[in-house]
Amino acid sequence: MSASTEESTGTSSTGTSSTGTTVKDRLQASLTPPPRGGGPRPSTGGARPERRFLKPALAAVGLLFLALLPMLNIQVPGLLPTATYQPGALQLMALCLLMGAAALTYHMLIGVAGLLSFGHALYVGAGAYLLGILLERTGMGLIPAMILTLVLVVLLAGLTGSVALRVSGIPFAMVTLAFAQAGSVLVRRNPGSATGGEEGLSLNTEQVPAFLVGVSNTRNLYWLALIVLVLVFAVVTWIQNSRAGRLAEAVRENENRVRVLGLKPYVAKLLVFVVGGTLAACVGMVHLLLQSGAVPKTVSADFTISLLVMVVLGGVGSRWGAVLGGVLYTLLDQRLTVLAQSDTIQAMPAILRVPLSEPLFLLGTLFVLVVLFMPGGLAGFVRRMGARYGGRTNRKKDPVDLLEQSA
Amino acid sequence: MSTIVLLLITGLGLGAVYFLVASGLSLIYGLMGVLNFAHGAFLTLGALIGWETARLVGADSWGGFALSLLVGCLVGALLAAATEFILIRPLYERHIEQVLVTVGLNLAAIALFEGVWGTDPVFIQGPTWMGMTTEILGAHISNDLFITIPLAGLVLLGLVLFLKKTRYGMIIRAGVENRSMVTALGIDVRRAFTLVFTIGGAVAGLGGVLASHFFGYVSPMLGGSLLIFAFIVTVIGGLGSLAGAAVAAVVVGVLQQFANFYWGVGDFVVVILLAVVLLTRPSGLMGRKVATA
Amino acid sequence: MSSILSVQNLQASINGQQVVEDVTFDVPAQGITALLGRNGVGKTSSIKAILGLIHRDAGTVSLEGQDITSLATHRIVQRGVGYVPEDREVFAGLSVAENLRLSERDENPRRELVESLFPDLVKRAQQPAGTLSGGQQQMVSLARALMNQNRVLLVDEPTKGLAPKIVGEVAEALAEAARTVPILLVEQNLAVVRQLAAGAIVLSDGHVVHTTDSAAEFLADEELVTRYLGVGTATETSTETSAQTSTQTSTQTTAEGAHP
């Protein structure tokens, strides 16, 4: 005789859950973000009503503060070379803002669409160099030249993106790397003396409005950089929340699922790629103005790696994290070089002095440590702290999972 | 005719260098799924310390040269083993973080090397014979190629024998195909990981020393562009395939030489080749089939 | 009867998606126990979770009373858990002989047993495994698991995609193997299950919904079969395999409720 035991563990006895849901239903459900912020959403949807306004309020205050900085006399010795109303600090802060914006555009590729591109620098550099060449070679005014540059970069990103996106994962990363490498070589080769080769291209200020030229106008360039950052942030947020953005996110999570539903991942990815590249070019253009020139390093794989480091430091998947990472990286990079010249460092024995004199060594080590011990980056750290003291765990996607989905 | 012979043989030499760097990359990726950016550091340090050794013993002596090769190999191996043990192992199965960690390591290491050795290239020399040329079919071939190419060939042979004839070689071949099934047979793949990393590092170190002779100089920047081309070669040949890496290395090396000489566009041609290969065969010339769209 | 493998409240997920909800069962220390259920209920996932090939969220697994939950996959396998995966997963680039040699763990691998069970493989020793037919690959996969003295075998859909004649050969090999080692067999081919299996465990939606000592009785019950295995499976008859094994009768035990 045999004994059979009937297992009733809840759902199976009613039968509906196992037989009622078809495959298609389950797929549909998986694409729809769960009711409470389960997917990667901007975390403005909090439980308590006050929380809804906390983040935008903070952002507004922060923005106001940043805008007013050039008129204030704040000194942060060590960190800022001069007081905040003076050109030295303004130049540095403007650069930080621009790099934050650049990191943000990269975040859109990696953190949102899961496109691990190793050639993003190409578009930043293209923006800088194309604008520089147009200003140098043609008599175009600044605005027309900027518009033309953007059009050209859209074409460039469209062309390279359409080719690269035919593959995904590692092959995609390699194609983007190769394109950027080609660009880098082209720039260094100095065809027709257009790019200035290794020396770089210096800015021809003839057509540039006076208020953007000269050390005394660094303030205006700072505000321009701030405007670019806000613009990039707005566009990235808009894309992220748009249908294309959501589609790209879904694609990142599970490409096959999306394809099974008959949607085309290619177009969404290409859109994100082109927008990201174009925004990067905007940053590049302002960079040209700020630095009064363009250098080959901007087009190099090294620069893309820096963007990657910025985004990871800040925490993948977080817009604020990307900006923070960009700012932090730039600050460290710029200041550590100066710090290395200081007497205290110079006086140290070689075994300490040498590593401390190389900002990239410190940044690289910091990066390794962050990856090993703090994989969520700064944003993840802040979130964990917030969860500990704020009580509610934000069910945002773990940045590490986001990154895992990129390749 | 003599130009063609020259370009062919120099191309082969360049291919030999590419192969030495790419072979490790390919095996590491194939077995572990890690795109190892730190390979640049392995080859650079191998070249730098190899050069220091040669200088100590006497740069123009054969003993110095041979020793530099050996030391380059060892340095690469040690650095690679340490990297795998300290940085890669703790991140078991987290591939993206493993890649990131190698990116960070490469960044930090190269910066450190720059701090120690400076950024300017140091022009090196080997035994006098290597600096001379031999005439073959009218072409003046730099003698160092007669060492680089056969050495790379020997390494290829050695690697193939290792993979085919040893138990660990078998484990690696199986693991490249299906890592989880290897563990499901009760085998601890992690040892194979360390082994593959170490071998890759050793070969990269060797490649670094030979590269410095090929290009004529040594500097912390040596790894940079070489690494990128090694990546391209690895992807063209097919990640995980040793034979693919060998074939792709030769094709890329020769193509680059010809394109550079006649039209100055060697680097572009390589990029176009990569794009063409990836668009027609995403898994590379000889890689295992990747799940395609 | 004692159980060789005990699974308690196992939970597992793939990429954050829960595939094993709450699974509890025991595998008897003798004979073949079938793991049944519709497509996608979590049979393969349960097997993989036992081995640690997918991420275990909760639950325990014990082998002969010893907790193996915290062990890495290769350690679990080294303890004596043989695995014959779905889709064979032979190493295509390696020869048949290399595939087998790779699996050898023990001091004295059971080469003679394997050679006597699979004479065809002996002939094809040097052939790359990727060039074998589906049935031959299945034999390689089985042989790999039999090479060592295992304490239990986890066999996942060995007859999938095979021609009826080969299905029969595989069933024979399994029956022969079951004489010396207990087997947990995931199988959709109910004729094979009827022929080979003593007990059965039925999964649905990631849970165990039914366990029985007599797979034959379960399969004879049309109502139960339709409810748990889907419409139409009760009347499904794959080609009756010729070999009538004695596994079922010899390991039939007296009634003892298989309790989770």
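## Parallel strands in chain C

In chain C, strand E3 (residues 32–36) and strand E8 (residues 183–186) run parallel and are joined by four bridges; strands count as paired if DSSP finds at least two bridges between them. This is a predicted model, in which local features need pLDDT of at least 70, side-chain atom pairs count only at pLDDT 80 or more, and totals for chains, interfaces and linings use all residues. Residues are numbered from 1 along each chain as its sequence is written, chains are lettered from A and ligands numbered from 1 in the order in which they are written, and side-chain values use heavy atoms, with hydrogens and water left out. Helices (H or I, at least four residues) and strands (E, at least two) are DSSP runs, numbered from the N terminus.

C:Ile32 has C:Ile183 of E8(C) as its bridge partner. Strand E7 (residues 152–156) of chain C is likewise parallel to E8(C), with four bridges between them, and C:Leu154 lies opposite C:Leu184. From E7(C) the chain passes through helix H7 (residues 164–178) to E8(C) in a right-handed β-α-β crossover (clockwise from the first strand over the helix to the second, with the strands pointing away from the viewer). E7(C) is also joined by four bridges to E6(C), again in parallel; here C:Val84 stands opposite C:Val155.

## Covered strand faces

E8(C) is covered on both faces: C:Ile183 and C:Leu185 on one side, and C:Leu184 and C:Val186 on the other, are all buried (under 20% relative accessible area, with a 1.4 Å probe and protein chains only; exposed is over 50%, partly exposed in between). In strand E6 (residues 81–84) of chain C, C:Val81 and C:Tyr83 point one way and C:Gly82 and C:Val84 the other, and all are buried.

## Helix H17 of chain A

The end C-alpha atoms of helix H17 (residues 359–373) of chain A are 21 Å apart, in agreement with the 21 Å that its 15 residues should span at 1.5 Å a residue (1.5 Å times one less than the number of residues). Among the buried residues of H17(A) are A:Phe361, A:Leu363, A:Phe367, A:Val370 and A:Val371.

## Nonpolar patch on chain B

B:Met1, B:Ile4, B:Leu8, B:Leu137, B:Phe261, B:Tyr262 and B:Trp263 form a nonpolar surface patch with about 840 Å² of accessible area together (Shrake-Rupley method, 1.4 Å probe, only the protein chains shown counting as cover). Patch residues have over 30% relative accessible area and no salt bridge, like charges being joined within 9 Å and nonpolar side chains (Val, Leu, Ile, Met, Phe, Trp, Tyr) within 5 Å; a salt bridge is a side-chain nitrogen of Lys or Arg within 4 Å of a carboxyl oxygen of Asp or Glu.

Helix H1 (2–32) and helix H11 (242–263) of chain B each give two or more residues to the patch, and H11(B) provides the largest share, three residues. B:Leu137 lies in the loop between strand E2 (133–136) and strand E3 (139–142) of chain B and is exposed, at 61% relative accessible area.
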